[in-house]
Amino acid sequence: MEESAPYSVRLEADKALHLVKQGSSLLLLDLPPSLSFGIDLQMFVVGTMFRGVKMVPPGPHFIYYSVMSRSGDAAPVTGFFITGTQSKVIVMRWDSQQEIFVKLTDPAEEERYAYAVRNLEFDKNLAPYDLHHFRRWEELSNYVTPAVIKRHEPRDGVISVVAEAELVEQHPQTAAERMMVEQIIKGKETYGFRNKEGGEGSTQDRSRCRYTRLPRLLKRSGAEAKDLTSLNLDKSIALEKALKESYDGSEELLLGELQFAYIAFLMGQSLEGFSQWKSIVSLMFGCQEAPLRTRTRLFVKFLEVLYHQMRQGLKNNKSDVALDDSSWFSADNFFRLLSKDFLLMLKTTQPVDGELLMQARRLKHLLESRLGWDLDNEISDANVDDDEYAPVVVMDV
């Protein structure tokens with residue numbers, strides 16, 4: 001018994017060393033003071049010794065950070081995706097002019113740093129990735145493949161809400177979105193948004209995520225208004241059109257974009273990410289034929305993805321909601337209305353796939369327990385907070 005403790009300690013040490021050597025590492029050079037740094041669901045307090053993260057598991061990861069000004073104001077969050085592979089070392093340096101992390105331009109210098117990391121020369125400067133959070137992160141990112149990242153990340157790889165300023169200033173919609181616009185404007189005035197060429201517009205173009213343009217109104221030549229209305233009330237055809245024309249028929253690419261947009265919003269504070277997430281959720285919740293007959297497996301996966309997103313974004317008390325502000329509790333919240341109608345359809349339709357019904361009940365229980373909703377006893381109301389997501393009625397002209 002007396003020898004078991006040293007053996008246990010040695011076993012843990014051996015396991016940790018194995019993870020250090022087999023996992024990925026992110027080495028950050030020339031870090032500025034007062035930096036807030038995060039990877040996936042973990043945040044680090046950056047001290048003078050901090051130089052990055054080690055023991056990063058294989059797969060996609062989201063890095064996000066913010067710097068503090070001398071007056072104590074936090075800059076808008078900036079983020080980017082990386083893909084971890086066995087023993088991979090990613091080396092980046094802080095660019096004080098652009099106020100972002102950039103890759104090294106000298107391959108020889110990069111290899112020298114990577115060699116030093118593999119030989120544990122920076123071991124004491126690299127914080128270990130907390131594997132206790134990894135399972136929850138996998139649930140949020142299991143469809144985010146390198147192909148998904150390549151499809152949707154900005155051309156320069158940097159996701160910043162400041163790059164969305166011109167877009168969101170034109171039509172902020174909800175109270176939460178208006179608050180984010182104010183943050184964007186303040187951050188833009190405080191920090192600017194510069195690039196090496198000094199041009200602002202070109203940087204914004206390179207730093208905008210490339211999301212899929214989803215169909216909003218289906219048209220059919222020669223169809224009468226009532227037929228077009230019926231066509232657009234059930235968005236199953238629109239979903240099929242999107243899958244065929246925009247996702248190469250791949251359901252996983254659609255789910256990957258849903259997760260990509262959610263992560264960009266929740267961790268990267270991207271308003272454009274929230275808008276795309278909202279568009280995909282609205283398209284899916286607007287389907288009737290697809291979940292019941294033609295795309296049942298897709299909707300099982302969709303509800304599972306949505307459940308994990310809601311569980312992460314909605315905390316156990318109303319004073320700590322990550323996804324949005326108090327509008328999540330309002331009667332005309334788009335998600336409340338669309339999810340209620342979708343869940344009611346599944347409840348009142350027979351027969352329904354058992355796994356689909358199980359995922360629907362699990363999501364319903366989460367929403368009711370976390371948000372205090374009573375989805376069974378609410379009266380259906382089409383007054384969605386944004387007409388863009390209301391039922392489509394086509395008028396004769």
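Two strands are taken to pair if DSSP finds at least two bridges between them; helices (H or I, at least four residues) and strands (E, at least two) are DSSP runs, numbered from the N terminus. In this predicted model, local features need pLDDT of at least 70 and side-chain atom pairs count only at pLDDT 80 or more, whereas totals for chains, interfaces and linings use all residues. Residues are numbered from 1 along each chain as its sequence is written, and side-chain values use heavy atoms, with hydrogens and water left out. The chain comprises 15 helices and 10 strands.

**Strand β2 and its partners**

- In strand β3 (residues 42-45), which pairs with β2 in the antiparallel sense over four bridges, V45 is the bridge partner of S36.
- Two residues separate β2 from β3 in a hairpin, and D40 in the turn has a positive phi of about 55°.
- Strand β5 (residues 59-67) also pairs with β2 in the antiparallel sense, over five bridges; there, V67 is the bridge partner of L35.
- Strand β2 (residues 35-39) is largely enclosed by the rest of the structure, because four of its five residues are buried. Buried denotes under 20% relative accessible area, exposed over 50%, and partly exposed the range in between (1.4 Å probe, protein chains only).

**Whole-chain values**

- Of the 397 residues in the chain, 51% are buried.
- The chain exposes about 20100 Å², of which carbon and sulfur atoms supply 51%. Accessible areas come from the Shrake-Rupley method with a 1.4 Å probe, and for residues only the protein chains shown count as cover.
- Contacts (heavy atoms within 4.5 Å) between residues at least 6 apart in sequence join residues at least 24 apart in 73% of cases.

**Nonpolar cores**

- A nonpolar core is a set of buried Ala, Val, Leu, Ile, Met, Phe, Trp, Tyr and Cys residues joined through side-chain atoms within 4.5 Å. The largest such core has 94 residues, and those with the most contacts inside it are F37, L239, W277, F285, F302 and F335.
- Helix α10 (residues 251-266) supplies the largest share of this core, namely 11 residues.
- Leaving aside residues up to four places away in sequence, F285 touches F302, L303, L306, F335, L338, S339, F342 and L363.
- A second, separate core of 10 residues includes L27, L29, A114 and F122.

**Salt bridges**

- The whole structure holds 18 salt bridges, each defined as a side-chain nitrogen of Lys or Arg within 4 Å of a carboxyl oxygen of Asp or Glu.
- E111 and R118 meet through their side chains in a salt bridge (3.9 Å, N to O); E111 is partly exposed at 45% relative accessible area, and R118 is partly exposed at 42%.
- In the salt bridge between R208 and E272, the closest N and O atoms are 3.0 Å apart. This pair links distant parts of the chain, 64 residues apart, with R208 in the loop between α7 (200-206) and α8 (225-233) and E272 in helix α11 (residues 271-285).
- R208 is partly exposed, with a relative accessible area of 25%, while E272 counts as buried at 12% relative accessibility.
- The side chains of R297 and D353 form a salt bridge (2.8 Å, N to O). R297 lies in helix α13 (residues 296-313) and D353 in the loop between α14 (334-348) and α15 (354-371), so the pair ties together parts 56 residues apart in sequence.
- R297 counts as partly exposed at 39% relative accessibility, as does D353 at 30%.
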